[in-house]
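Please walk through this structure with me. Have the sequence and the coordinates open as you read.

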Amino acid sequence: ADFLISFGADFLEAWPSQVEYARRFAAFREPRKDAKSFFVYIGPHRSLTASNADHMIFVKPGTEYLAAAGILSAAMEEQDVNFRQRLRQLLIANNASAAERLMEKITGQITVKAAAEQSGAPEAALRHVARRLQRARSPLALAGGNGLLSPHAVTTAIAANLICAMKPASLALVDFSRPHALAQATSFEQIVKLSGRMRAGQIELLLIYDTNPVFTLPGGRQFGEALQQVPHVISFGGI
């Protein structure tokens, strides 16, 4: 990558392998013959990762997705119609219905000015990032946060992926052959099914290891009510 945008992605301090990401970031920072690799951080506070950025844009907590949409909208204002068609075809080919809906919303509703006003980011800063994005050969956008911390985490991730889809070279930066071990974790859909089985009295014994699902899960109160239908619940934890 020659241009990096982080939408609240604190990869130097809070991601699963900080040492590996720090090494990769150091390689990204190595001087190049033509130009310096530029790093923009967009988020609500000055984290360790943000402190290492060339430029930081402060936004209201939870509005990173609006900043991403504003940058994408600003970049698409200067692109031709064929580009939009190619991007839409890419989304359809990958069955990315959620991304396609977001793209339609961006091009039809979320203007750069609206994104700036609602997120608190200066409109000029969003447009400046969009221009740098267009000049970059292989830009990379990263989205941080999760559904527990931000109600718009998924939307932010989709917007970041749309930004990556603008340049073919950006797609080559993602190695889909090496998924992270966390990708094998139980999905939320499976947790919902487990909750239903507990409510139906199909679970006689539940073992909980080093977690508090009632506190951390979205809709944790409903999970707690389902727990009441389990005769034996054993929790292994440090507290």
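Start with Ser138. Its relative accessibility is 15%, so Ser138 counts as buried, the cut-off being under 20%. The model is predicted, and this value is computed from it. Ser138 sits in a loop, between α7 (123-135) and β4 (139-143). Which residues does Ser138 touch, leaving out those up to four places away in sequence? They are Ala1, Asp2, Phe3, Ala169, Ser170 and Leu173.

Look at where the side chains go. Phe3, Ile5 and Phe7 point one way from β1. Leu4 and Ser6 point the other way. Both sets are buried. In a regular strand, side chains alternate between the two faces of the sheet.

Now look at the pairing of β1. Which strand does β1 pair with over 5 bridges in the parallel sense, at residues 38-43? That strand is β2. Within this pairing, Ser6 has Tyr41 of β2 as its bridge partner. To get from β1 to β2, the chain passes through helix α1 (residues 18-29). This β-α-β crossover is right-handed.

β1 also pairs with β4. The two strands run parallel and are joined by 5 bridges. Here the bridge partner of Leu4 is Leu140, in β4. This brings us back to Ser138, whose loop ends at β4.

Next, move to helix α10, residues 188-199, which holds Ser195. Is Ser195 buried or exposed? Ser195 is buried, because its relative accessible area is 11%, and buried means under 20%. Setting aside residues up to four places away in sequence, Ser195 touches Gln222, Phe223 and Ala226.

Finish at the surface. A nonpolar patch there is formed by Leu205, Leu207, Tyr209, Ile234 and Phe236. Together they have about 560 Å² of accessible area. Two elements give two or more residues to this patch: β5 (205-209) and β6 (232-236). The largest share, 3 residues, comes from β5. Take Leu205 as an example. Leu205 is placed in strand β5. Its relative accessibility is 49%, so Leu205 counts as partly exposed, since exposed means over 50%.

Methods
Residues numbered from 1 in each chain as written. Predicted model: local features only at pLDDT ≥ 70, side-chain atom pairs only at ≥ 80, totals over all residues. Heavy atoms only, no water. Helix = DSSP H or I, 4+ residues; strand = E, 2+ residues; numbered from the N terminus. Buried < 20%, exposed > 50% of the residue type's maximum accessible area, 1.4 Å probe, protein only. Contact = heavy atoms within 4.5 Å. Pairing = 2+ DSSP bridges. Right-handed = clockwise from strand over helix to strand, strands pointing away. Patch = residues over 30% accessible without salt bridge, like charges linked within 9 Å, V, L, I, M, F, W, Y side chains within 5 Å. Areas by Shrake-Rupley, 256 points an atom, 1.4 Å probe, with all protein chains shown as cover. Salt bridge = Lys/Arg side-chain N within 4 Å of Asp/Glu carboxyl O.
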